[in-house]
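The following exercises concern a two-chain protein model. Please study the sequence and structure before working through the solutions.

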Amino acid sequence: MKGRGVLTGVHFMHGDHACAEGAIAAGCRFFAGYPITPSTEIAERLAQRLPEVGGVFIQMEDEIASIVAVIGASAAGARAMTATSGPGFSLMMESIGLAAMMEIPCVIVDVQRGSPSTGLPTLPGQADVMQARWGSHGDYEIAAYAPWSPQEMFDLTILAFNVADRFRIPVMVMADEVVGHMVERVVIPPEDQIPRWERKRPRYPAGDGFRPFAIEDEDLVPPMAHAGEGYRVHFTGLTHDERGYPDMSAETHHRLVSRLVEKVRRNASQMIRYDAYALDDAKIVVISYGCTARSARRAVADARRMGIPAGLLRLISLWPFPADVVRELARQAEVFIVAEMNLGQMICEVERYVSQPVKGVFHAGGAMIPPDPILQAIREVAFHGSRAGGGKTSAG
Amino acid sequence: MAHALVAEKHPLDDLIRRDRMPHIWCPGCGIGIVMRCYAQAILESGIPVERHVVVSGIGCTARVPGYMNLDSYHATHGRPIPFAIGIKLVKPELTVTVFSGDGDLAAIGGNHLIHAARRNVDIKVICINNFNYGMTGGQVGPTTPLGARTTTTPYGNPEHPFNLPYLLAAAGAVFVSRWTTLHVRQIKQDILYSFRKPGFTFIEVLAPCPVGFGRPNDIEDGVEEMRIYRRRSQLVYRVPEEVPWEALEVDLREERPIYVGRFVDREREVFQPIRLTSKG
Ligand SMILES: Cc1ncc(C[n+]2csc(CCOP(=O)(O)OP(=O)(O)O)c2C)c(N)n1
Ligand code: SF4
Ligand SMILES: [Mg+2]
């Protein structure tokens, strides 16, 4: 039986399943994972779907093995993914750094639950967003996307593969339990309309002289040779030179790590995604993402009905952070409000780029932040002016 | 007087990254011997060099892939087996060898080791057992004998070691053998054999680490350890008929046999991912 790769059509679909279908549509043909709520349905769906399309599904002994198998599969040329939640995400951190250092593309889906530790296995959280950026040791940069709907579970999973391949970095889909378990309309386009950004590949046939980490282009991304193609490449997590050989000098180290970071910064405009709602004349700018942004949009709509000039910047890419967009908004805004299901993470990033007061609407997780506390925060700053800004509001 | 014969080219030249020499290993270290056996086996395997891939974790042994002129991957500590599984499942036509140390494979990576053997995934493991963590300066490891001295067991090791062949046999490997760095022919022969044997194979090679294990345990140098191997190695054809599994535990400091040989050679169904299509 030949299963269909792209399930073109209109569906009423579970967020985790939409993520799995996004992976299949993106050409993902390898999944390794370890069950963990609320991400398990992604693995279950792919266990069924990958064999239908000639892909490989394997349930590993833990999340460390899962991410490492994904990196190995990608080194051999496959589009490869794993999915997990907080505890598993923590276990993966060391080898996410390996993927960054070896420049092996991979996609990691974290369907966030209440944390830290085992936390709230079946309930939502958004407290892994800084871990996505900084979780592995050392300096490196990644991309991370926060879907707010099953539709975006589909779309952003595809984008994650494209960004991972195009820039040879680990890319994370930072979903949450609400979005992962929500059932909503998902439109899957025809196969030929699925965007595809390819991995850059060696321009010359295998032979002497291929230097796997030599930079030929402005984008700082080296072409990638896969296992078994005859290039006889060496990949190491040690600091390495253009040949991929270990080189323990401070100069090589600085050059390599700077390039890995600069590679993402220089190409950030191709990775950054956001959504603007009622921002044109907004004086009160609410910033939110993932499931919380659904409440934030409602709060902003209600505020507008009351005549309050509020708007919403919905972060789709958490990383790279759309710093220029926030800086631009700072020219018109009197106050910022950040709503997120943690005790203040992305707010730190907003505070880096604006001089206005930034008010937080936080909750440690376990239940969605409803529109009310966000609306209340908007009204407070609207009626008391920016002097009321800068405080932190607990939504709990 | 005979003229010295200078060879312009060594048969293994193509398999070694000569531009990476000299290597990092200490005088008397056993790792290089095993790497040479691996290179020789590749040469004799008849499998094109491009189809060989070598993966390691971290450690002195794990530096081997960096010196092999193959597609080679030096992964995180303890993780070469899942890395190799990823490669193998995507490109089953490749011969994927994991070349790593006892600590890497049996301590931090121990879970992957037993699960890969249980699955019987088709990868070839060469494990250098030097009874300690060489790279980090001679600490106790999962194969350090009870009572042995290392930098973190200055009063003697209070723990029992793993008996690796017994562990791998129990976990499900289809081929398990053990040699010492003295047994270069057998090592090469078994690596060659493992290339042709479908499933999870495990070759343990006991090797001197004169710096980390030898010196604190009164083994003067690498040569002295080779002498111990010569004096005490005893070939076993069938376990447990000839000797019980428990007897395969090694302690170089005790005057008892070091059993070597092919302990397991059996058939089990090889792990295959589920496929519903012939080609995807
Ligand atoms: C996660 C992690 N922990 C610790 C280390 C430090 N470390 C490097 S090699 C090594 C031990 C290697 O021992 P073994 O695998 O026996 O290799 P050998 O050096 O003896 O060949 C350790 C603990 C590391 N690199 N990564
Ligand atoms: S420390 Fe031991 S294992 Fe490492 S290179 Fe030296 S002798 Fe070999
Ligand atoms: Mg060792």
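The model is predicted, so local features are given only at pLDDT of at least 70 and side-chain atom pairs only at pLDDT 80 or more, whereas totals for chains, interfaces and linings use all residues. Residues are numbered from 1 along each chain as its sequence is written, chains are lettered from A and ligands numbered from 1 in the order in which they are written, and side-chain values use heavy atoms, with hydrogens and water left out.

**Exercise 1. Describe the contact between chain A and chain B, and state which elements of chain A contribute to it.**

Step 1. Contact means heavy atoms within 4.5 Å. By that criterion, 45 residues of chain A and 41 residues of chain B take part.

Step 2. Buried area is the accessible area (1.4 Å probe) that two parts lose on being put together, summed over both. For chain A and chain B the value is about 3,600 Å², with 58% of it on carbon and sulfur atoms. On the side of chain A, Glu61(A), Arg232(A) and Tyr245(A) lose the most area to chain B, together 21% of what that side buries.

Step 3. A salt bridge requires a side-chain nitrogen of Lys or Arg within 4 Å of a carboxyl oxygen of Asp or Glu. Four salt bridges are counted between chain A and chain B; Arg232(A) forms a salt bridge with Asp14(B), the closest N and O atoms being 3.0 Å apart.

Step 4. Helices (H or I, at least four residues) and strands (E, at least two) are DSSP runs, numbered from the N terminus. The elements of chain A that give two or more residues to the side touching chain B are helix 2 (40-52), strand 3 (56-59), helix 3 (63-75), helix 4 (86-102) and strand 10 (234-236). Helix 3 of chain A gives the most, with eight residues.

**Exercise 2. Determine in which sense strand 10 of chain A pairs with strand 2 of chain B.**

Step 1. Two strands pair if DSSP finds at least two bridges between them.

Step 2. Strand 10 of chain A and strand 2 (residues 71-74) of chain B pair in the parallel sense over three bridges. Within this pairing, the bridge partner of His234(A) is Ser72(B).

**Exercise 3. Is Glu349(A) buried or exposed, and which residues does Glu349(A) contact?**

Step 1. Glu349(A) lies in helix 12 (residues 346-353) of chain A.

Step 2. Buried means under 20% relative accessible area, exposed over 50%, and partly exposed in between (1.4 Å probe, protein chains only). Because its relative accessibility is 7%, Glu349(A) counts as buried.

Step 3. Leaving aside neighbours within four places in sequence, Glu349(A) is in contact with Met130(A), Trp319(A) and Phe321(A).
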